[in-house]
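Hi everyone, thanks for having me. Please take a look at the sequence and the structure on the screen, and then I'll walk you through them.

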Amino acid sequence: MKGQQQLKKSKVVKIDSRKSWEHHITNVTNKGYPVMIHFSAYWCMPSIVMNHFFQQLASTYHNVLFLNVDVDEVKEVASKLKIKAIPTFCLMNGGAPMDKIVGANPDELRKRISCFIHQKHSPKSV
């Protein structure tokens with residue numbers, strides 16, 4: 001599968017169809033891992049600029065699946081998640097959106113994913 005080869009190379013899986021999206025989301029949801037999605041477009045300069053940073057995050061957070069969705073190629077996924085601007089970064093857990101970051105803001109993106117991972121692995125207060 002093309003996505004699996006890309007995962008080995010870059011740690012970010014490019015989603016190129018609704019079927020690919022469903023496969024990866026179902027698989028990661030069953031395993032209990034969170035997902036970080038970069039909604040982008042080939043013509044959007046801020047999206048292009050964020051690609052390298054997104055790759056770095058994927059190399060840092062090994063228990064998170066990182067996906068890249070081109071909104072022009074997989075419109076139904078972008079529409080379903082109500083993506084109105086790009087770049088948009090969406091953090092999902094259990095198949096449901098948990099957080100959304102709109103715009104090219106590396107510091108905010110790192111802060112949000114770090115907080116989410118920390119909360120997920122922290123013991124619950126009683």
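I'll talk about cores, ring pairs and one surface patch.

First, some housekeeping. This is a predicted model, so to speak of local features we need pLDDT of at least 70, side-chain atom pairs count only at pLDDT 80 or more, and totals for chains, interfaces and linings use all residues. Residues are numbered from 1 along each chain as its sequence is written, and side-chain values use heavy atoms, with hydrogens and water left out.

Let's begin with the nonpolar cores. A nonpolar core is a set of buried Ala, Val, Leu, Ile, Met, Phe, Trp, Tyr and Cys residues joined through side-chain atoms within 4.5 Å. Buried means under 20% relative accessible area, exposed means over 50%, and partly exposed is in between, with a 1.4 Å probe and protein chains only.

The largest nonpolar core has 21 residues, and Trp 21, Val 35, Ile 37, Phe 39, Leu 67 and Met 92 touch the most other members. Among the elements giving two or more residues to this core are helix H2 (18-31) and strand S2 (35-40). Helices (H or I, at least four residues) and strands (E, at least two) are DSSP runs, numbered from the N terminus. Apart from this core lies another, of 17 residues, including Met 36, Phe 54 and Phe 66.

Now, which residues does His 24 contact, leaving aside neighbours within four places in sequence? They are Val 13, Ile 15, Leu 65 and Leu 67, where contact means heavy atoms within 4.5 Å. His 24 sits in helix H2 and counts as buried, at 8% relative accessibility.

Next, the aromatic rings. The structure holds two aromatic pairs. Rings of Phe, Tyr and Trp (its six-membered ring) pair if their centres lie within 6.5 Å; planes under 30 degrees apart count as stacked, over 60 as edge-to-face and the rest as tilted. Phe 54 and Phe 66 have ring centres 5.2 Å apart and planes at 75°, so they are edge-to-face. Phe 54 belongs to helix H3 and Phe 66 to strand S3, 12 residues apart. For Phe 54 and Phe 89, the centres are 5.8 Å apart and the planes at 45°, so that pair is tilted. Together, ring pairs link Phe 54, Phe 66 and Phe 89 into a cluster.

Finally, let's visit the surface. Ile 48 is found in helix H3 (residues 45-60) and is partly exposed, with a relative accessible area of 37%.
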